[in-house]
Structures are given as C-alpha cells and as structure tokens.
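Here is a quick tour for anyone meeting this structure for the first time. Have a look at it, then read on.

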Amino acid sequence: MCALLRGLMQTVSLVRAKVVLQEHRSNISSKPAKDKIGPGQTLFAMAMFAISLLVPAGWIMHHIPEYRKRPCPPSDGAPRNSIM
C-alpha cells in the first residue's frame with residue numbers, strides 16, 4: 001500500500017512539474033517589442049529606480065549620528081551580539 005501511494009505521489013509531482021514548465025514557456029517571446037520605448041521613458045524609469053535605492057540609504061546615513069546618540073533599550077540579562 002505504501003509503495004502504491006509513493007508511486008502515485010511521484011506521478012502527481014511529475015505532472016505538476018510538467019504543467020508548471022509548460023506555463024513558464026508560454027511567456028517567452030522571440031519577437032521584437034510591439035511598442036518602442038523612447039529615451040524619455042527610459043530616463044524616467046532609470047531615475048525612479050535610482051531614487052528608490054538611494055533615498056532610503058541616504059536617509060539612514062544622514063541620521064547615523066542620531067541613531068548612535070539614542071539610548072540602548074533595556075536588556076533582559078541575556079548576552080547579545082554587538083555590531084559596534
């Protein structure tokens with residue numbers, strides 16, 4: 001009985017893998033894009049990407065002195081790994 005269930009599970013997993021693989025292949029296209037993206041749209045997209053990465057990092061770096069002055073939270077007696 002156990003061998004029958006194991007064989008059934010392997011068959012089901014193979015069928016699922018095949019379906020997922022077929023669905024993944026359906027998204028691949030070898031044709032060129034239908035609409036051309038202009039330089040303005042490219043510049044806008046790259047600027048938004050750069051801003052989304054650099055603004056949070058800049059905020060954190062700007063406020064590091066304030067973070068260092070902040071008092072440490074009370075400990076419960078357990079040893080903690082210190083970064084600094």
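Helices here are DSSP runs of H or I with at least four residues, strands are E runs of at least two, and both are numbered from the N terminus. This is a predicted model, where local features need pLDDT of at least 70, side-chain atom pairs count only at pLDDT 80 or more, and totals for chains, interfaces and linings use all residues. Residues are numbered from 1 along each chain as its sequence is written, and side-chain values use heavy atoms, leaving out hydrogens and water.

**Overall build**
- You'll find three helices and zero strands in the protein, in the order α-α-α along the sequence.
- Of the 84 residues, 1% are buried (buried means under 20% relative accessible area, exposed over 50%, partly exposed in between, with a 1.4 Å probe and protein chains only).

**Confidence**
- The mean pLDDT (the predictor's confidence in each residue, from 0 to 100) is 79, and 67% of the residues reach 70 or more.
- Confidence is lowest in helix H1 (residues 2-25), with a mean of 65, and highest in H2, at 96.
- Where pLDDT is low, the predicted coordinates should not be read in detail.

**Helix H2**
- H2 lies largely in the open, because zero of its 24 residues are buried.

**The nonpolar patch**
- Helix H2 (39-62) and helix H3 (64-69) each supply at least two of the patch residues, with H2 giving the most, three.
- Tyr67 sits in helix H3 and counts as partly exposed because its relative accessibility is 35%.
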